[in-house]
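Opening my notebook on this one. I'll jot down what I looked up, in the order I went through the entries.

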Amino acid sequence: MAFSNDEVLAGLAELITDETGISADEVALEKSFTDDLDIDSISMMTIVVNAEEKFGVTIPDEEVKNLKTVGDAVTFITTNQG
Amino acid sequence: MSTSTIRPALHQPTGPAHTRIYAYGAARGEKIVPNDDLVGPIDSSDEWIRQRTGIVTRTRANAETTAIELSTDAAAEAIARSGVDPADVDAVIVATISNPKQTPSVSAIVADRVGANPAAAYDVNAACAGFAYAVAQADALIRGGAAHYAVVVGAEKLSDVVDPTDRSISFLLGDGAGAVVIGPSDYAGIGPTIWGSDGSKSDAVGMNHTLVEFRDGLAPWPTLRQEGPTVFRWAVWEMVKVARQALEAAGVEASDLAAFVPHQANMRIIDEFAKQLGLPESVVIARDIETTGNTSAASIPLATHRLLEEHPEVSGGLALQIGFGAGLVFGAQVIVLP
């Protein structure tokens, strides 16, 4: 089953809240993981691994560096889901 | 007549059915180095380091103290506590990656200094998995009849291979040595070792240059570096699988454990590892990293030594130990704590 952009955004927001305590309302497409949400590299990796499981995608380590914003992650997940 | 019929039959020894760890010894670097001493060159703060690593201080050795001195002190304590006559120790294995001299080995000198000369002695290079590798070897050597009593040491002076300006790993690292004496047992005291490697990820953590590049003026003094997020993912989600295999191979459940002693790489790894493993509250988790730092091969025996001092109730219980690091390499086994 393919997830829509909105579903991926909502799911990611849930994972981000679980890992960091950041309110899901603050998670928006244009937000930068590091600059706006203050998510460090270790939390980012935890979110990535949980997102892989939740959305059934593989996000390689070298790709994680390119995911600067929440929108980057939503796009990657929706275009790579199996 | 074939040669095989006239050849004399060789004797091939076998050893006792079981082994166990008799006792632990520990030696940490003399200096207690707080985060504030390291934050300048990496433009960081005490809070930043605590939040990302859980480290408050790390122990580092004085300039004149080498991995040999640290190993000797730790091994001597383990031997004294074990009650084994050092002259009966016939194998000394030191796991280390930070001996600045390729040869002779740390282990041969340590064997001599602790009174175990002429024990077989060699060093093991398996980074942060080195102690688990060496325990596996000592167990096999004794059960195979090649040794009677073995001293296994994990020892590092990592402060010789750090770059004060490196933000990836240097500020985590400490110096120390932890040791055990392993010998025959009338019960199974060391479970099956789950070990392996993945050289396809050799760039994820390790030395950034060779000594030859340094000699030729092509690179600065080699120091340790890591791809933190890559190592974090591997160290938690891949190593949880290895930890579960070690439990299964030993025939025990996570709820049977008294203690969990992962390599002290980073408190965030330890916390996430314990969460993924689903350890019950009753399992004591080693968190020596908070004040000792990451001491690579030394971290597991140092953490266990401290655990036995602070939680004597775990004595006689089961501990799951797992090392993982540069190679990449990993090793895990369930042991009975002395």
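Predicted model: local features only at pLDDT ≥ 70, side-chain atom pairs only at ≥ 80, totals over all residues.

**The annotated serine**

I started from UniProt: an unreviewed entry lists Ser41(A) for "modified residue: O-(pantetheine 4'-phosphoryl)serine"; such positions are given in the numbering used here, feature names are shortened, and annotations may be inferred rather than shown by experiment. Residues are numbered from 1 along each chain as its sequence is written, while chains are lettered from A and ligands numbered from 1 in the order in which they are written.

Ser41(A) sits in helix α2 (residues 41-55) of chain A (helices are DSSP runs of H or I, at least four residues, strands of E, at least two, numbered from the N terminus). I get partly exposed for Ser41(A), because it has 17 C-beta neighbours inside 10 Å (20 or more other C-beta atoms within 10 Å is buried, 12 or fewer exposed, partly exposed in between, with C-beta atoms placed from the backbone). Leaving out residues up to four places away in sequence, Ser41(A) touches Gly228(B) and Pro229(B) (contact: C-beta atoms, placed from the backbone, within 7 Å).

**The core**

Next I checked the largest nonpolar core, which has 132 residues (buried Ala, Val, Leu, Ile, Met, Phe, Trp, Tyr and Cys joined through C-beta atoms within 7 Å). Val92(B) and Ala150(B) are among those with the most contacts inside it. Helix α7 (residues 228-250) of chain B gives the most to this core, 10 residues.

Technical notes
Contact = placed C-beta atoms within 7 Å.
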